Amino acid sequence: MMDSDDPIVHLDNVGLRYGTDKEVLSGVSCSLDAGRFYFLTGASGAGKTSLLKILYLAQTPSRGAMRMFGTDMLTIPQSRLPEFRRRLGVVFQDFRLVEHMSAYDNIALPLRVAGVRERDLAEPVEDMLSWVGLEHRARAKPATLSGGEQQRVAIARAVISRPDMLVADEPTGNVDPDMAMKLLSLFYALNRLGTTIVVATHDLNLVRQMPDATIMRLDKGRLMDPTGALRYPPRAERPAGKRELYDRAMRPTIGFVKADEHDSGDDSVAADVEAAEKRGWEMP
Amino acid sequence: MHRKQATQLLPQTRMGGPMPWIIAIMVALVVLATGGALSLNRLASTANDDLAGSITVQIVEADPAERERQTEATVRLLEADRRVAAVRAVPQSELDALLEPWLGEIDPAAPSVPIPALVDARLVGPASEAELLRLESLLKRDAPDARLDAQADWLGPVFAAIASLQWLALVLVAMLAFTGITAVWLASRNALSINAKTIEVIHLLGGDDHQIARVVQRAMRTDAVVGSVAGFVLGLLALWLLGSQFAALESGLVAGGGLIWLDWLAIVLVPVAACAIALLTARFTVLLLLRRPV
Ligand SMILES: Nc1ncnc2c1ncn2[C@@H]1O[C@H](COP(=O)(O)OP(=O)(O)OP(=O)(O)O)[C@@H](O)[C@H]1O
Ligand SMILES: [Mg+2]
């Protein structure tokens with residue numbers, strides 16, 4: 001169905017407006033490669049959640065083109081959306097835990113939705129519970145959990161079905177730095193197993209821990225990609241003669257910071273981000 | 001997807017307090033209406049069979065001796081006719097008994113009112129207009145005061161009333177079905193809006209509308225079964241009470257209102273149909289309301 005080289009997500013000149021307001025995302029073009037780790041940064045209100053909603057198929061772009069898993073997401077019938085949503089794991093910014101279900105049942109929900117038999121549930125759910133350190137709270141309802149505990153349940157629910165792509169919206173916003181590191185290493189482990197990860201975050205410390213990650217930065221609804229890691233088609237495939245033309249055409253909309261192409265120092269990503277912040281995210 | 005798991009997606013509450021009661025009342029009323037209509041139907045067709053070939057001859061003559069003579073002549077002539085199956089002169093005692101409620105005890109020696117004599121006859125075929133005219137001319141010479149009536153004619157208005165009662169029952173059943181469907185629709189819509197947040201999460205996790213429909217349907221199933229059974233029992237009880245009231249009248253006509261097994265089958269189908277309609281309505285409501293743009 002999908003070539004292994006194909007990007008897992010490809011957005012082309014995507015725009016989004018809520019109702020008749022002005023666009024909260026404009027001209028967003030990027031392609032996310034399967035198996036990579038992406039951070040999505042940007043000021044509050046820049047449109048991170050909006051872009052993630054498009055990625056986790058909760059929101060249809062108001063313009064542009066969108067392919068996921070090798071399929072055009074804008075023309076498929078609504079009845080096929082569930083099959084693609086089941087390939088995604090989502091940590092919502094507001095968690096969206098189901099109030100009347102225990103932590104255990106919330107974490108089990110994606111498996112139940114996917115039709116996993118009850119006797120095959122217990123082991124993975126208990127594993128996840130202990131991964132996020134909540135074995136002792138398995139029977140607790142979300143309302144009786146602390147903010148950080150709720151967030152960990154939300155993360156456990158997002159990763160339990162081993163999704164092809166994990167989309168996490170501020171997944172460490174409510175936990176202490178130690179727990180944040182633990183959760184990040186969970187994402188990293190998942191990434192190692194082949195899951196594409198997209199994490200929206202304000203936390204530069206977190207970004208600094210993942211030198212291999214690609215950083216996408218949103219600024220007032222536009223995606224910055226100064227070095228072109230998010231460009232599409234991939235550089236190698238671009239017609240050589242038209243490269244200049246292509247670059248010039250993409251310049252206004254795409255930006256990039258990519259850690260491993262610069263140096264391998266621990267703080268390289270963060271340094272890039274900080275340098276870019278100072279420059280105002282212009283092209284170098 | 002397995003049923004048991006589907007039910008765990010939404011809280012396992014029932015449809016809500018009044019739902020089983022609403023269904024029970026609907027089913028009871030439909031059972032009653034159906035039973036009544038079928039009873040009337042049996043009654044009308046039995047009566048029709050009995051009456052179709054029956055005629056009554058009245059001899060309206062003030063002089064008792066002449067009346068006696070004409071009555072005998074009528075019986076003789078009718079007995080001789082080959083299209084008459086049976087003839088019976090209604091004895092005086094029976095007539096007196098018939099009239100007693102209206103006229104009081106009658107002194108046979110000095111009747112205050114001249115009472116016509118009656119002869120009942122059953123024809124081989126139906127008592128058509130032509131047949132009546134033929135018999136009338138047959139009796140004309142020897143019993144000039146004889147008046148013939150088809151018994152079915154007397155009951156014409158009764159049959160018309162029975163027919164309109166049956167229509168009424170049909171309309172009643174249709175209205176009850178409509179009300180029941182509306183109630184289930186509202187309850188299902190209510191269940192969806194109470195669980196809107198959960199349903200949205202289920203959708204985002206890749207759940208489809210059919211899974212949610214199954215949950216709502218399952219909640220409805222409990223209520224529908226409980227309500228239908230209760231309503232069925234109530235309806236039968238009411239039917240039985242009404243039936244025994246009518247039976248107490250010991251009227252020949254009402255005795256014909258007994259239901260045959262086919263009628264009972266129809267009555268048993270009422271709660272089954274009610275359950276099916278409730279479940280289909282619940283499913284249809286959920287699928288229709290969830291079908292919206294992304
Ligand atoms: N449902 C909505 N209807 C109308 N406007 C919306 C809606 N959701 C978001 N917006 C607007 O879109 C813009 C981008 O919002 P978004 O939630 O994507 O920002 P964000 O980058 O995730 O911010 P934060 O870091 O605070 O979570 C904001 O101006 C917000 O007010
Ligand atoms: Mg946000």
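View 1. Phe95(A) sits in the loop between E6 and H3 of chain A. Its phi is positive, about 65°, although Phe95(A) is not a glycine. As a reminder, most residues other than glycine have a negative phi. Please keep in mind that this is a predicted model, in which local features need pLDDT of at least 70, side-chain atom pairs count only at pLDDT 80 or more, and totals for chains, interfaces and linings use all residues. Residues are numbered from 1 along each chain as its sequence is written, chains are lettered from A and ligands numbered from 1 in the order in which they are written, and side-chain values use heavy atoms, with hydrogens and water left out.

View 2. Asn13(A) is not a glycine, yet has a positive phi of about 55°. Look for Asn13(A) in strand E1 (residues 7-16) of chain A; strands (E, at least two residues) and helices (H or I, at least four) are DSSP runs, numbered from the N terminus. With 38% relative accessibility, Asn13(A) counts as partly exposed.

**View 3. H3(A) packed with H5(A).** The axes of H3(A) and helix H5 (residues 147-159) of chain A are 7 Å apart, at an angle of about 25°. Axes are lines fitted to C-alpha atoms, for helices over the stretch in contact, and angles run from 0 to 180 degrees between N-to-C directions. The pair is therefore roughly parallel, the class for angles under 35 degrees; over 145 is roughly antiparallel, 65 to 115 roughly perpendicular and the rest oblique. The contact (heavy atoms within 4.5 Å) is made by Ala103(A), Asn106(A), Ile107(A) and Pro110(A) of H3(A) with Val153(A), Ala156(A) and Arg157(A) of H5(A).

**View 4. H7(B) crossing H11(B).** In chain B, the axes of helix H7 (residues 156-194) and helix H11 (residues 261-290) come within 9 Å and cross at roughly 45°. H7(B) and H11(B) are therefore oblique to each other. Residues in the contact include Trp185(B) and Arg189(B) of H7(B), and Phe284(B) and Leu288(B) of H11(B).

**View 5. The two chains as a whole.** Chain A has 9 helices and 11 strands, and 52% of its 284 residues count as buried. Chain B has 11 helices and 4 strands, with 39% of its 294 residues buried. In chain B, 87% of the contacts between residues at least 6 apart in sequence join residues at least 24 apart.

Technical notes: Buried means under 20% relative accessible area, exposed over 50%, partly exposed in between (1.4 Å probe, protein chains only).
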